[in-house]
Amino acid sequence: MDLKLKYYLQIADNALILSHRLSEYCSRAPFLEEDLANTNVALDLIGIAEATLEQAAIIQGKGLSGDDLAYRRPENEFYNTLLVEQPNKDFAYIVVRQFLTDAYHVAFFSELTKSKDPFLSALAYKSIKEVTYHLRRSSEWMVRLGDGTEEAHVKVQTALDSLWKFAKEFFKETDADIFMQNKGFGADLSKVETAWNQKIREIYIMATLKYPPLNDSQVYGGKEGKHSEYLGHILAEMQFLPNKYPDAKW
Amino acid sequence: MLTQTINEEKLLAEFEAKINAEIKIEPKDWMPDEYRKHLIRQMSQHAHSEVIGMQPEGNWITRAPSLRSKKILLAKIQDEGGHGLYLYSAAETLGVSRDQFIQWLHEGKAKYSSVFNYPTLNWADIGAIGWLVDGAAITNQVSLQRTSYGPYSRAMVRICKEESFHQRQGYEIMWRMMEGTVDQQKMAQDAIDRWWWPALMMFGPHDTDSPRTSLAMKWRIKRESNDQLREKFINKTISQAEIIGLKVPDPNLIRNEDGTFKHGDINWDEFWQVVGGNGPCNQQRLEHHFNVHKEGAWVRESAIAYNIKHTNNQ
Ligand SMILES: [Fe+2]
Ligand SMILES: [Fe+2]
């Protein structure tokens, strides 16, 4: 696989799969305003995925479209992290998953603005405004849940302890990450991780949560195309119509 | 007692004079109890419809066949939620809280549009809902922009701007499918076959069988009758169907000489069955709303607890 292409797919797939999880949550939020805000985030992320996939299709040079890459690619060629494909177990899981990812997105796109790849730096500049807003929102929820009622505190701590094992895959370097960094095209992941850590610590203190969780061991795989059992189901649903009616245009 | 009656009569006369002069009634103005009650019922039903309507469309978000269609659908459903918000706020000016409206919905004391008690079974249903259901809603809402209650009228003006997009987007899904493969064409026809009659029923019973219409018309809450609105809708929609090769499932449809249409008999038994709670999805829709609300309680409570804690600390 072309390493530049893989790098693009890593970016696109995190946004695509997380937006898919958020779109599953539509009409299920604790109150109406939150439902709309959740949809906003999903829409921003689809926008990032769409732009990146279209560019990835051009890099690939096989005459495919961005949609083809989203809807006709096999599971083991998706490169999102395991975190973003985790299910909407409850609102606390959704908030923690979102917060960990938003903090990554802000740190990552900030670094990526320095990219010598004109598409990636433009994408970074455009996305940073959106993901900064996402992070503000998910941070506020972390604190409201962590420092609100006892029940919410327990729920958000449980979600954190459960999802933490997937939190650091963002910084696990793949061959694509190394290739792109060496060319001056990719973000420096060690700097991204430092910035991420700082934000995470800050919010966990404000939210009165235990940080870091007692068990710090990590599970990796998504960025190499080795996923959890969840991704297959996501794709089975997402790709259902193009799979069933391959000749149809919608 | 006597002065009270005279007072009421005077107030009512003033109220009706305003209505006749096309001056909007505002929340602080005196209004007859019946007027307030009618608005509380109609506006909350309208708000609930926007929100419950998110469910049948939400059923296809995760299966939208392209990134573009997924974005459009998500944004559309988000708009509907937003309409729900405007309408709850407008309805709250009548002195009832959103929590109370939601409780009445859960207790079965408040209704929502029966059309959302039908299932979405294929992707063309998303097109059919935008085109037919939003199309019918717009016909009604355009008329309601001139309703006599100020907050309701202003909410309708805002909502109508967004609704026309919904209808166009829905129609676009339909014509794309009609230009597509045979399978797609079949799905599109199947969708109009199932959604046509429920869309016509959205306007409510015939004027002759609609008990509340006369007072609502007199006080200009409603500006056009159920049958007038239904006719407007079919006249604009049938030609849209024909252009893209869809057949309206009405064997008794009559084409008048002036190009307008007269529809065949509506199955009112079905209508009243669904209104009465016995449609295909009534229970599912209400349970979904109820469960989501219940499951979200701890989140709302924590947000309130946090606010109290941090306002007191300052
Ligand atoms: Fe609406
Ligand atoms: Fe609409």
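Q: Hi! Before we get into it, what counts as a helix here, and how are helices numbered?
A: Hi! A helix is a DSSP run of H or I with at least four residues, and the numbering goes from the N terminus. One thing to keep in mind from the start is that this is a predicted model.

Q: Let's hop to chain B. Which residue's side chain meets that of Glu80(B) in a salt bridge?
A: That would be Lys76(B), at 3.0 Å, N to O.

Q: What else does Lys76(B) meet in a salt bridge?
A: Its side chain also meets that of Asp134(B), at 2.9 Å, N to O. Asp134(B) is in helix α6 of chain B (residues 124-144) while Lys76(B) is in helix α4, so this pair ties together parts that are 58 residues apart in sequence. Lys76(B) and Asp134(B) are both buried.

Q: Which residues end up in one network there?
A: Glu57(B), Lys76(B), Glu80(B) and Asp134(B), joined through salt bridges that share partners.

Q: How many salt bridges does the structure hold over all chains?
A: There are 34.

Q: And how many across the interface of chain A and chain B?
A: The rule finds three. One of them links the side chains of Arg98(B) and Glu33(A), with 2.4 Å from N to O.

Q: While we're at the interface, how much area is buried between the two chains?
A: About 4,100 Å², with carbon and sulfur atoms giving 68% of that. On the chain A side, Leu32(A), Leu36(A) and Trp250(A) supply 17% of the area that chain A buries against chain B, more than any other three residues.

Q: How many residues does each chain bring to the contact?
A: Chain A brings 47 residues and chain B brings 44 residues. Between them there are 18 residue pairs in polar contact, counting pairs with both residues at pLDDT 80 or more.

Q: Which helices of chain A supply at least two residues each to that side?
A: α1, α2, α3, α4, α5, α6, α9 and α10 of chain A. Of these, α2(A) gives the most, with 11 residues. The side of chain A that touches chain B divides into 26 nonpolar, seven polar and 14 charged residues.

Q: Let's look at α4(A). How far apart are its end C-alpha atoms?
A: They are 30 Å apart, which agrees with the 32 Å that 22 residues should span at 1.5 Å a residue. Of those 22 residues, 21 are buried, so α4(A) is largely enclosed by the rest of the structure. At its start, a side-chain oxygen of Asp90(A) comes to within 2.9 Å of the backbone nitrogen of Ala92(A).

Q: Last topic, histidines. Where is His289(B) found?
A: In helix α12 of chain B, residues 282-295. His289(B) is buried, with a relative accessible area of 13%, and its side chain makes a polar contact with the side chain of His106(B) at 2.8 Å. Leaving aside neighbours within four places in sequence, the contacts of His289(B) include Val51(B), Gln55(B) and Leu105(B).

Q: And where is His263(B) found?
A: In the loop between β2 (261-262) and α11 (268-278) of chain B. His263(B) is buried, at 15% relative accessible area. Not counting residues up to four places away in sequence, His263(B) touches several residues, among them His206(B), Arg230(B) and Asp250(B).

Definitions and conventions
Residues are numbered from 1 along each chain as its sequence is written. Chains are lettered from A and ligands numbered from 1 in the order in which they are written. This is a predicted model: local features need pLDDT of at least 70, side-chain atom pairs count only at pLDDT 80 or more; totals for chains, interfaces and linings use all residues. Side-chain values use heavy atoms; hydrogens and water are left out. Contact means heavy atoms within 4.5 Å. Buried area is the accessible area (1.4 Å probe) that two parts lose on being put together, summed over both. A salt bridge is a side-chain nitrogen of Lys or Arg within 4 Å of a carboxyl oxygen of Asp or Glu. A polar contact is a pair of N or O atoms within 3.5 Å; within protein, one must be able to donate a hydrogen and the other to accept it, and residues adjacent in sequence count only if both atoms are side-chain atoms. Ala, Val, Leu, Ile, Met, Phe, Trp, Tyr, Cys and Pro count as nonpolar, Asp, Glu, Lys and Arg as charged, and the others, Gly among them, as polar. Buried means under 20% relative accessible area, exposed over 50%, partly exposed in between (1.4 Å probe, protein chains only). The expected span of a helix is 1.5 Å times one less than its number of residues.
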